[in-house]
Amino acid sequence: MPPGQLASPVTSGGLITVTSRAVDPATAVGELAEALAGAELSGALLFCSNTYPREALQRELAAQLPDVQLFGCTSAGELTDLGYDTRSVVLIGFPANLFSIASLRFDDLDRFDPQSAQAAIRQLVAQERVERSTEGRTNQVALFLVDGLSHREELLTMTAQHALGDIQLIGGSSGDGLSFRNTAILHEGRFHADAAVIVLLTTPKPLHVFCANFYKPGPAKMVITEADPESRVVQEINAAPAAEEYRRLAGSPSAELDAHFFAAHPPIVRTGGQFHVRSIQSANEDGSLTFYCAIDTGVVLSIGEPVDRIGAMESLFADIESRVGEIDHVIGFDCVLNRLDAEDRQMARTVSQMYIEKRVFGFNTYGEQFMAAHMNQTFTGLAIGK
């Protein structure tokens with residue numbers, strides 16, 4: 001589809017999804033508004049490429065979609081009607097007759113206070129339950145979007161899930177391509193840096209949250225022997241310079257350490273009987289490594305090896321359909337490193353086709369949130385049944 005050509009809105013008696021690839025913000029938002037004409041929405045998610053000027057984009061959203069309650073963020077790539085997409089803006093609309101929405105934003109995450117945050121979240125949940133108790137909308141989930149450069153995802157995710165109780169949390173960290181300079185959360189008509197937002201979704205439709213990764217631990221082991229947890233920087237692995245030792249253990253002592261290398265050789269940690277990826281964000285000039293996730297001295301990691309991703313995804317979607325029936329849509333939070341690895345392994349077209357068939361819309365993240373955990377290099381999401 002040529003840049004700027006509007007994707008027709010996708011409807012299935014449930015969510016409404018529409019994508020624009022217009023370069024100009026006014027044109028892009030105009031195409032979204034035209035596709036939504038006449039639709040009554042309780043709110044909508046919006047994920048956009050970092051190539052859009054944010055001041056211009058938020059101005060056009062306010063002018064052309066003044067009555068739509070928008071939640072979203074900047075991305076490291078978009079999941080649209082074409083599967084993996086880029087330089088686009090995608091909107092996921094929730095019809096008012098099927099969904100109720102309430103939200104809460106946290107700013108200045110360096111000063112995040114867990115106690116007051118939990119009180120605010122519990123109040124939001126209690127208010128929604130009272131208001132929706134007579135409407136027959138008994139299924140709830142919390143969508144969570146957080147600044148991908150905040151380094152606060154672990155604390156926020158644990159705090160939020162604890163306050164939510166039996167309401168499951170699912171979400172992703174905002175991105176900006178692979179620039180790592182300026183990510184933002186969209187809420188109440190503006191883009192906010194250093195912020196997070198919880199969107200409480202209530203519906204009679206069946207809901208199912210999931211989290212999958214496509215790697216297994218290999219034989220190579222590394223112990224973090226020097227690290228700064230606050231900045232997520234590792235200086236030493238196995239008492240050797242971190243970048244040098246990681247490269248050696250990955251079997252490529254002379255390789256360039258970039259996002260493609262990190263995607264192909266993800267560090268994996270075992271916690272609670274399960275394996276989770278702790279992805280590397282960047283290699284630094286001093287030989288240290290910066291991670292996307294929390295990291296500390298004493299953590300033992302393995303170098304991950306890929307499993308059959310396509311087979312694993314087929315099994316995942318089969319399990320989803322066994323739980324919700326025919327899929328209306330899947331709101332997907334897919335790590336940008338998954339995308340890079342799919343491209344490098346020449347699987348991106350197959351993955352995209354599967355996303356198209358299963359109506360997956362969302363964005364490529366700098367990290368994923370699943371209940372109380374912040375993770376990397378997963379495909380995480382919310383499946384909504386018809």
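**Cavity and sheet in a predicted model**

A search of the whole of this predicted structure finds 1 cavity of 30 Å³ or more.

Q: Which residues line the largest cavity, and which elements give two or more residues to the lining?
A: The lining consists of Phe106, Phe112, Ala117, Ile121, Phe144, Leu156, Thr159, Ala160 and Ile198. Helix 3 (114-132) and helix 4 (153-164) are the elements that give two or more residues, and helix 4 supplies the largest share, 3 residues.

Q: How many residues of the lining are nonpolar, polar and charged?
A: The lining has 8 nonpolar residues, 1 polar residue and no charged residues.

Q: Why are strand 6 and strand 14 called edge strands?
A: The 6 strands form an open sheet of mixed pairing in the order 6-5-24-23-27-14, and strand 6 (83-85) and strand 14 (207-212) each pair on one side only. From one strand to the next, the twist averages 20°.

Q: How do you know that strand 23 and strand 27 pair?
A: Two strands pair if DSSP finds at least two bridges between them, and 7 bridges join strand 23 (residues 327-335) to strand 27 (residues 379-385), so these antiparallel strands meet the criterion. Gly332 stands opposite Gly381 in strand 27.

How values were computed:
Residues numbered from 1 in each chain as written. Predicted model: local features only at pLDDT ≥ 70, side-chain atom pairs only at ≥ 80, totals over all residues. Heavy atoms only, no water. 1 Å grid on protein atoms, 1.4 Å probe; cavity = no way out; pocket = protein on both sides within 12 Å on 5 of 7 lines; lining within 4 Å. Points joined across faces, edges and corners; volume = space filled by probe spheres on them. Helix = DSSP H or I, 4+ residues; strand = E, 2+ residues; numbered from the N terminus. Nonpolar A, V, L, I, M, F, W, Y, C, P; charged D, E, K, R; others polar. Axes fitted to C-alpha atoms, helices over the stretch in contact; angles between N-to-C directions.
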